[in-house]
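Colleague: I have not looked at this one before. Can you take me through it while I ask things as they come up?

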Amino acid sequence: MVSGPSGAGKGTVCKALREKRPDLKLSVSATTRQPREGELEGVHYFFKTQEEFAAMRERGEFLEWAQVYGNCYGTPVSFVKKTLEDGADMLLEIDIQGALNVKKAFPDAVTVFIVPPSLAILRKRLADRGTETEESLAIRCAAAEKELAFMDQYDYFVVNGELQDAVDEVNAIMTAEALKMGRNLFAYKTLVEGEELK
Ligand code: 5GP
């Protein structure tokens, strides 16, 4: 799971990471936020009305959901379940409340906190994106400072200054996590049975 303040560049890091790891499945969230220019239904988000979102929530269709910057966001549980059953790796780009809730439900999940090199750079990135109104820019900047206080609850910390460095670091985290002994104990049986590991 990747989180961090808005403007830290999580989306860009995740996109580049998926180019390196095409097998990595991305969870597409539902949101009540209006689509930004270029955002596609089912690719970036499932765009829902307040009523549709509330109905999904009541039907228990979310693994977690949270209100972020005045809009609702939720992770559809069905896709996460299916991907994990298939044994594939999956990437969740969700806010801090959501990530910490998922970590409680799935303690094996790995959390990565992405920060900008400075709060001034974060503000500039958000403003340059040109997608925020003055009001939502101010909300996101104020929230960023508060969000930083949660970084100690994450497993890993990545500074997104140079994009490629940040992507390489998240990629290295995934490699190291996959090689943890606890995730590879099946190998013992394979080896003692004279089989070859893939
Ligand atoms: P944005 O509006 O910029 O796309 O996203 C705003 C925030 O909502 C970001 O921090 C993003 O990671 C978070 N977010 C996106 N989808 C979900 C979700 O399904 N659950 C939660 N808890 N946060 C989400």
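This is a predicted model: local features need pLDDT of at least 70, side-chain atom pairs count only at pLDDT 80 or more; totals for chains, interfaces and linings use all residues.

Colleague: Which side chain does D155 meet in a salt bridge?

Modeller: That of K103, with 2.9 Å from N to O.

Colleague: And where do D155 and K103 lie?

Modeller: K103 is in helix α4, while D155 is in the loop between α6 and β9 (156–159), so this pair ties together parts that are 52 residues apart in sequence.

Colleague: How many salt bridges does a search of the whole structure find?

Modeller: The search finds 13. One of the pairs is D128 with K124, whose side chains meet at 2.7 Å, N to O.

Colleague: What about R33 and E39, buried or exposed?

Modeller: Buried. R33 has a relative accessible area of 8% and E39 has 16%. Their side chains meet in a salt bridge as well, at 3.0 Å from N to O.

Colleague: Which residues do salt bridges with shared partners join into one network?

Modeller: The network is made of R33, R36, E39, R129, E132 and R140.

Colleague: Let's change topic. What does the domain assignment give?

Modeller: Domain 1 is 1–24 + 91–193, and domain 2 is 27–88. The C-alpha centres of domain 1 and domain 2 are 18 Å apart.

Colleague: How many residues are in contact between domain 1 and domain 2?

Modeller: On the domain 1 side 17 residues, and on the domain 2 side 14. About 1,200 Å² is buried between domain 1 and domain 2, and carbon and sulfur atoms give 61% of that area.

Colleague: Which three residues supply more than any other three of the area that domain 1 buries against domain 2?

Modeller: L92, F106 and R140, which supply 33% of it.

Colleague: What is the salt bridge count between domain 1 and domain 2?

Modeller: The count is 1. As for R36 and E132, their side chains meet in a salt bridge at 3.4 Å, N to O. The interface of domain 1 and domain 2 also has 4 residue pairs in polar contact.

Colleague: Which elements give two or more residues to the side of domain 1 that touches domain 2?

Modeller: Those are α4 (96–105) and α6 (134–148). The residues on that side of domain 1 divide into 7 nonpolar, 5 polar and 5 charged.

Colleague: Last one, N160. Where is N160 found?

Modeller: In the loop between β9 and α7 (163–178). N160 counts as buried, at 4% relative accessibility.

Colleague: Which residues is N160 in contact with, leaving aside neighbours within four places in sequence?

Modeller: They are A8, G9, V13, I114, V115, P116, P117, R125 and A166. For A8, the side chain of N160 reaches the backbone oxygen at 2.9 Å.

Colleague: How far is N160 from K48 in space?

Modeller: The two are 31 Å apart, C-alpha to C-alpha, and 112 residues apart in sequence.

Methods: Residues are numbered from 1 along each chain as its sequence is written. Side-chain values use heavy atoms; hydrogens and water are left out. Domain bounds come from an automatic or database domain assignment. Contact means heavy atoms within 4.5 Å. Buried area is the accessible area (1.4 Å probe) that two parts lose on being put together, summed over both. A salt bridge is a side-chain nitrogen of Lys or Arg within 4 Å of a carboxyl oxygen of Asp or Glu. A polar contact is a pair of N or O atoms within 3.5 Å; within protein, one must be able to donate a hydrogen and the other to accept it, and residues adjacent in sequence count only if both atoms are side-chain atoms. Helices (H or I, at least four residues) and strands (E, at least two) are DSSP runs, numbered from the N terminus. Ala, Val, Leu, Ile, Met, Phe, Trp, Tyr, Cys and Pro count as nonpolar, Asp, Glu, Lys and Arg as charged, and the others, Gly among them, as polar. Buried means under 20% relative accessible area, exposed over 50%, partly exposed in between (1.4 Å probe, protein chains only).
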